[in-house]
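Welcome! Here is a short briefing to read alongside the structure, going from the overall fold down to single residues.

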Amino acid sequence: MSVGQEAGTSTGGSRPYHSPRRAEQATATRQAIVGAAARLFAERGYHATTMAAIAEEARVAVKSVYTLAEKPQLLLLALDQTIAGDDAPVPVAERPEARAVLEAADARRQVELTARLGARMLLRLFRLYRSFEQAASADPGLRDHWREYQRRRHQDVGRLVEAIAANAPLRDGFAARRATDTIWALVTWHPVALLVEERGWTQADLEAWLEDLLAALLLPADRPQDA
């Protein structure tokens with residue numbers, strides 16, 4: 001028997017050896033490393049988190065961490081997983097909750113669904129996003145990624161504003177472009193960190209705040225009925 005045959009292949013061009021168990025182990029290792037990186041970057045910040053600490057948190061060898069990615073790329077992997085809430089290969093915009101927001105036929109309902117989805121996402125994301133911004137301020141390689149994430153976030157807000165405007169006119173005098181810029185600037189990790197860490201707000205508090213904010217910015221004021 002040849003070496004190729006021992007490895008599960010042959011010199012005749014048969015299919016290469018594939019081990020489902022090995023693939024599952026590789027996936028589990030990747031998930032453990034990315035999850036550990038996300039937790040530590042969020043808790044300690046980017047600069048205070050070492051690759052050795054990530055390895056220890058993930059219970060893998062340091063070599064395994066470096067094999068997966070260097071530290072900047074680990075931050076991006078952690079960020080993508082945290083934004084989505086899992087590691088499924090489905091863009092956030094194509095997930096059922098996001099589609100429900102864009103496809104709802106009532107503007108008030110769209111605001112309610114956005115507030116519910118946004119509160120959960122912001123609560124799990126704001127500490128890691130703070131770490132990302134701090135890292136980008138000192139690392140030129142991450143700076144371009146930071147700008148790209150801001151561009152994508154602005155694009156997502158724009159889609160929301162357009163979807164709401166398709167169901168109801170925006171608040172008097174508020175153009176879609178200005179509405180998009182305003183929400184993009186206001187709804188980010190900075191105010192959420194203040195409200196959660198300094199004021200003790202819960203997810204329910206954030207949801208109510210987002211709904212009030214979006215309604216005030218986007219929906220026309222209720223007009224009093226004639227007596």
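Read from the N terminus on, the elements of the protein chain run α-α-α-α-α-α-α-α-α-α-α. That comes to eleven helices and zero strands. Keep in mind that this is a predicted model.

**The chain as a whole**
- The protein chain has 227 residues, and buried residues make up 37% of them.
- Take the contacts in the protein chain with a separation of 6 or more: residues 24 or more positions apart account for 63% of these.

- In soluble globular proteins, nonpolar side chains tend to be buried together.
- Here the largest nonpolar core has 64 residues, and Ile54, Leu74 and Phe132 touch the most other members.
- Several helices each supply at least two residues of this core, among them helix H2 (20-44), helix H3 (51-58), helix H8 (140-167) and helix H11 (203-218).
- Which helix gives the largest share of this core? The answer is H7, with 14 residues.

**Two helices packed together**
- Two packed helices are described by the angle between their axes and the distance between the axes.
- For helix H5 (residues 71-84) and helix H7 (residues 107-138), the angle is about 160 degrees and the axes lie 9 Å apart.
- Angles over 145 degrees count as roughly antiparallel, so H5 is roughly antiparallel to H7.
- The crossing of H5 past H7 is left-handed.
- On the H5 side, the contact is made by Leu75, Leu76, Ala78, Leu79, Thr82, Ile83 and Ala84.
- On the H7 side, the residues are Met121, Arg124, Leu125, Leu128, Tyr129, Phe132 and Ala135.
- What kinds of residues make up the contact of H5 with H7? They divide into twelve nonpolar, one polar and one charged.

- You can find arginine 59 in the loop between H3 and helix H4 (62-68).
- Phi of arginine 59 is near 60 degrees, which is a positive value in a residue other than glycine.
- Is arginine 59 buried or exposed? Arginine 59 has a relative accessible area of 79%, so this residue is exposed.

Note on methods
Residues numbered from 1 in each chain as written. Predicted model: local features only at pLDDT ≥ 70, side-chain atom pairs only at ≥ 80, totals over all residues. Heavy atoms only, no water. Axes fitted to C-alpha atoms, helices over the stretch in contact; angles between N-to-C directions. Helix = DSSP H or I, 4+ residues; strand = E, 2+ residues; numbered from the N terminus. Parallel < 35°, antiparallel > 145°, perpendicular 65-115°, else oblique. Left-handed = near helix turned anticlockwise from the far one by under 90°. Contact = heavy atoms within 4.5 Å. Nonpolar A, V, L, I, M, F, W, Y, C, P; charged D, E, K, R; others polar. Core = buried A, V, L, I, M, F, W, Y, C linked by side-chain atoms within 4.5 Å. Buried < 20%, exposed > 50% of the residue type's maximum accessible area, 1.4 Å probe, protein only.
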